There are 4 protein chains.
Amino acid sequence: MSVLLEFSMSPLDKGESVGDYVARSLEIIDKSGVNYRLNPMGTVLEGDWDTVFGVVRKCYERMSQDCSRISVSIKVDARKNQENRLEAKVASVEKRLGKPLRKS
Amino acid sequence: MSVLLEFSMSPLDKGESVGDYVARSLEIIDKSGVNYRLNPMGTVLEGDWDTVFGVVRKCYERMSQDCSRISVSIKVDARKNQENRLEAKVASVEKRLGKPLRKS
Amino acid sequence: MSVLLEFSMSPLDKGESVGDYVARSLEIIDKSGVNYRLNPMGTVLEGDWDTVFGVVRKCYERMSQDCSRISVSIKVDARKNQENRLEAKVASVEKRLGKPLRKS
Amino acid sequence: MSVLLEFSMSPLDKGESVGDYVARSLEIIDKSGVNYRLNPMGTVLEGDWDTVFGVVRKCYERMSQDCSRISVSIKVDARKNQENRLEAKVASVEKRLGKPLRKS
């Protein structure tokens, strides 16, 4: 199974600017060695179930050190007999449409 | 931290009727001993991080035995110094409004 | 199409206790006449697309009057040739398992 | 309010390969004139509430023409006094960390 996991994680008790907390999570993600892509609404990880959920857990442990209420949104797309889907899914849509689309 | 986790999990390769697969997950949840509430769009679990994510993982392992593509949606609300939130959150809204609301 | 829509909506700039804002949304939902069920992580509405999204929009308009940053999570399950799914989906799982489950 | 909306929409009754249906949605999005970014798990739109939800509705109308069961996941981040957040949010995280991150 290739597990694609997108997640976002925010404190509710730190006011409307939560960029510092998001940056701490991205530092953890970037150092984890897990393949990922950041987008404006979350980060997509690819790996097996325990690997990608392990990264989310690390981000949660760090955030729970100094945040009282934490909201997490996670979406998983797991598929057998496929890999490198971080790039393949977007490329497949562009190929079907025969033109490049806006990515981020 | 009290971790409330709501999730839904469905196969994409079994046609539009996926009730048998949902029932298998609920059997796992109900036997897990973790406190939960089923609603029309998912199941809400309460416990610590590893406990509630452990239940989701068991449902995933079962489903991946005979499903080729699996979609999972998870939402977490973690909060310090609170407990019994499966009942307390709904009760708190009703108390604020001074009337009962429709639950399921 | 029967459209089941579950949503939750919270301000990010009001601290960790957002119950007053949730209660305002439930007041709007309860008065809308749309069939709904409240659970510990959100509210499930049933109706056609424009009806259920119209209720979400009203809650958003009210919240945006005095909140600077708003987070909304929405999940839709739309299905042809079905109705009364707020009750039918949960009942169907219980029937398959042959026992009552915990609801809220 | 700048409304960032990420969504994904899939039929449940068409088997595990749903790329053709996703491509039809991206065709609608790309032609809508609304600013967007595609990622491996969804598409992020930016605009006001009615504009971005109008695009989601168009995708739903197209998909409901030949699909019997449709699943939609939507996440909204609305914020006052900000704009161009499709690029600004990612750039802000990179600036805080002082290094480029993997995007898609």
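Predicted model: local features only at pLDDT ≥ 70, side-chain atom pairs only at ≥ 80, totals over all residues.
**Figure 1**

**Figure 2. The relation between chain D and chain A.** Two copies of a chain are related by a rotation about an axis and a shift along it. For chain D and chain A, the rotation is 180 degrees and the shift along its axis 0.0 Å, and the superposition has an RMSD of 0.0 Å. This is the relation of a two-fold axis. Within chain D, S104(D) has the C-alpha nearest the axis, 2.2 Å from it. The copies meet through the same surface, because 100% of the interface residues of chain D are also interface residues in chain A.

**Figure 3. The interface between chain D and chain A.** The size of an interface is often given as the accessible area lost when the parts come together. Between chain D and chain A, the buried area is about 3700 Å², with 57% of it given by carbon and sulfur atoms. P40(D), M41(D) and R102(D) together supply 21% of the area that chain D buries against chain A, more than any other three residues. In total, 38 residues from chain D and 38 residues from chain A take part in the contact.

Figure 4. The model holds one cavity of 30 Å³ or more. The volume of the largest cavity is about 270 Å³. It is lined by 22 residues, of which S73(A), S73(B), S73(C), I74(C) and S73(D) are the closest to its centre. The elements that give two or more residues to this lining are β1 (2-11) and β4 in chain A, β1 (2-11) and β4 (69-79) in chain B, β1 (2-11) and β4 in chain C, and β1 (2-11) and β4 (69-79) in chain D. By class, the lining of the largest cavity comprises eight nonpolar, six polar and eight charged residues.

**Figure 5. The fold of chain A.** Chain A has three helices and four strands. Read from the N terminus, the order of its elements is β-α-β-β-α-β-α. The C-alpha trace of chain A spans about 45 × 30 × 20 Å along its principal axes. Of the 104 residues in chain A, 54% are buried. Among the contacts in chain A with a separation of 6 or more, 70% are between residues 24 or more positions apart.

**Figure 6. Positive phi at N81(A).** Most residues other than glycine have a negative phi. At N81(A), a residue other than glycine, phi is positive, near 60 degrees. N81(A) is located in the loop of chain A between β4 (69-79) and α3 (85-97). With a relative accessible area of 79%, N81(A) is exposed.

**Figure 7. Positive phi at N84(C).** N84(C), a residue other than glycine, has a positive phi near 50 degrees. In chain C, N84(C) belongs to the loop between β4 (69-79) and α3 (85-97). The relative accessible area of N84(C) is 53%. Exposed residues are those over 50%, and N84(C) is therefore exposed.

Conventions:
Residues numbered from 1 in each chain as written. Chains lettered and ligands numbered in written order. Heavy atoms only, no water. Buried < 20%, exposed > 50% of the residue type's maximum accessible area, 1.4 Å probe, protein only. Least-squares fit on C-alpha atoms with pLDDT ≥ 70 in both. Contact = heavy atoms within 4.5 Å. 1 Å grid on protein atoms, 1.4 Å probe; cavity = no way out; pocket = protein on both sides within 12 Å on 5 of 7 lines; lining within 4 Å. Points joined across faces, edges and corners; volume = space filled by probe spheres on them. Nonpolar A, V, L, I, M, F, W, Y, C, P; charged D, E, K, R; others polar. Buried area = accessible area lost by both parts, 1.4 Å probe.
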